[in-house]
Amino acid sequence: MMLSFRALQLRGLKLFTAISAVPRSVSTASLSKDPDSLLVNWDQQKGAWSRYHYEWLRDNCTCPSCRHPETGQRILTTMEDWRPDIIQGDTTNERVEIIWKDGHNSQYKHSWLLENSYNHNNIANIKPADTTQRSDLVLWDAEYFKSRQPPSVEYEEYMNSDEGLLKMLRQFRRYGLCFIHNTPASKEATGEAIRRIGPLRNSYYGSVWTMIAGNMAVNSVAYGYKCIPVHTDHVTLEEPPGLMALHCVEYKGEGGETMLLDGFKVAEYIRQDRPDYFAILSQVSIPYQLNYKDGTYEERKVVFPVNHKGEVTDVHLNHDDRQPLDVKAVDEICTASGCDENEAVSKFYEALRYLHNIIYGSQFVYEMTLSPGNVLAVNNRRLLHGRKEFKGYRNLCGTALNQEEWESTLKLLENK
Ligand SMILES: [Fe+2]
Ligand SMILES: [Zn+2]
């Protein structure tokens, strides 16, 4: 059924047809037209509606002459004063059709409009379930893995089937870690295994590195025997890698257990327990620096940065590379805690000491031993990792991927 809303608007009517309370169905959406925008009423009872500005609609036309049919890239190059001539709702085909003043015809599926709604207006209540949502994540502590096996996949299945790869990536996303069992115990096989997800990240350690304990010729505490407290890696890089793989290919010794901690879990605990400290840890950017061979890397990182919904998006903490607080950090502490400049440094250390006690306590730390054949993939933008003191010989190799590489491969497989 095609309805002309222009005609209705001429009679001074705003049309909101009666809607049955069917969740997640957009077939009953009704339209009304404002001078600058189109209103779509998805579900009156749930108060779910969206406003789409005409210029936004024209700019985002999905037809093949405005968007490349294969890549989906915008190929519309004009930026006219876009105004609609006729707007029609086609409830049978669940779409909206707009004919613009210049004659161009645009069609928008209801599902597309809903997916791309940029209003709050209770839209989340009627959107289809999304497996990439934050609520799908499992935040864990030490207790969680006492009664469960850690997430894992078999190397053969992972390397030779899409199902195996998808199984690995889904678990990696949910828990922030996944083991690949029965991987050949070599540096080459470790690199190959992770290259299956996407191109390896290169860094000052090379794309696949080897770490033989005791080799302090390389300037990093990671090459010693002492305990390495939990931390995230590469805080001095603008975008620290999202997936890091660790594979202990040879081990003869005692101790050296790996410690893992879910930074998202700790962040939520702190948000509840000490919102004042959470404000500091989610707003203040800590200066970091690493000197390596001939290079000096400098960056600032917030421990728990948050997005517009207040969700923690990343976790960054590394005491080895932490630098003195500076003017910018002091300003940020004042903003976060409402204190004055003289109190700022003490406020920060209070929050840091509190965080320190939590992450070095036992409540959140999951301990396990890395062994030849078992590659551990860790989300370095969420989990902290560390290693206990040990004696003997330990040959660890590792590699990394950018966050967007594993996310992209996961999306691709999910949509297959
Ligand atoms: Fe590390
Ligand atoms: Zn178009």
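Biologist: Okay, which residues have the most contacts inside the largest nonpolar core?

Modeller: Leu177, Ile180, Leu281, Leu376 and Ala377, in a core of 67 residues. Before we go on, this is a predicted model: local features need pLDDT of at least 70, side-chain atom pairs count only at pLDDT 80 or more, and totals for chains, interfaces and linings use all residues. Residues are numbered from 1 along each chain as its sequence is written, with chains lettered from A and ligands numbered from 1 in the order in which they are written.

Biologist: What counts as a nonpolar core here?

Modeller: A set of buried Ala, Val, Leu, Ile, Met, Phe, Trp, Tyr and Cys residues joined through C-beta atoms within 7 Å. Buried means 20 or more other C-beta atoms within 10 Å of a residue's own, exposed means 12 or fewer, and partly exposed is in between, with C-beta atoms placed from the backbone.

Biologist: Which strand gives the most to that core?

Modeller: β12, residues 243-255, with six residues. Strands (E, at least two residues) and helices (H or I, at least four) are DSSP runs, numbered from the N terminus.

Biologist: And what is Ala377 in contact with, leaving aside neighbours within four places in sequence?

Modeller: Phe172, Leu177, Cys178, Ile180, Leu243 and Ala245. Contact means the C-beta atoms, placed from the backbone, lie within 7 Å. Apart from this core lies another, of 17 residues, including Val40 and Leu57.

Biologist: Back to β12. How many bridges join β12 to β19?

Modeller: Twelve, and the two run antiparallel. β12 also pairs with β17 in the antiparallel sense, over four bridges. Pairing needs at least two DSSP bridges between the strands. Met244 stands opposite Ala400 in β19 and opposite Val378 in β17.

Biologist: Switching topic: what's the strand order in the open sheet of four strands?

Modeller: β11-β18-β13-β16, with antiparallel pairing. β11 (228-231) and β16 (365-368) are at the edges with a single partner strand each, so one side of each has no neighbour in the sheet. The twist averages 20° from one strand to the next. For angles, axes are lines fitted to C-alpha atoms, for helices over the stretch in contact, and values run from 0 to 180 degrees between N-to-C directions.

Biologist: Which helix packs on that sheet?

Modeller: α7, residues 263-273, which touches β13 and β18 (383-387) and makes about 50° with the direction of β13. As for β13 (residues 258-262), four bridges join that strand to β16, and Leu261 stands opposite Val365 there.

Biologist: How do α9 and α10 cross?

Modeller: At roughly 85°, with the axes of α9 (residues 327-337) and α10 (residues 341-359) coming within 9 Å. They are therefore roughly perpendicular, the label for 65 to 115 degrees; under 35 is roughly parallel, over 145 roughly antiparallel and the rest oblique. Among the residues making the contact are Val330 and Ile333 of α9 and Ala344 and Phe348 of α10.

Biologist: Last one, Ser371: buried or exposed?

Modeller: Exposed, with 12 other C-beta atoms within 10 Å. Ser371 is in the loop between β16 and β17.

Biologist: What does Ser371 contact, leaving aside neighbours within four places in sequence?

Modeller: Cys248 and Tyr251. Leu396 is 25 residues from Ser371 in sequence and 9.6 Å from Ser371 in space, C-alpha to C-alpha.

How values were computed. Two residues are in contact if their C-beta atoms, placed from the backbone, lie within 7 Å.
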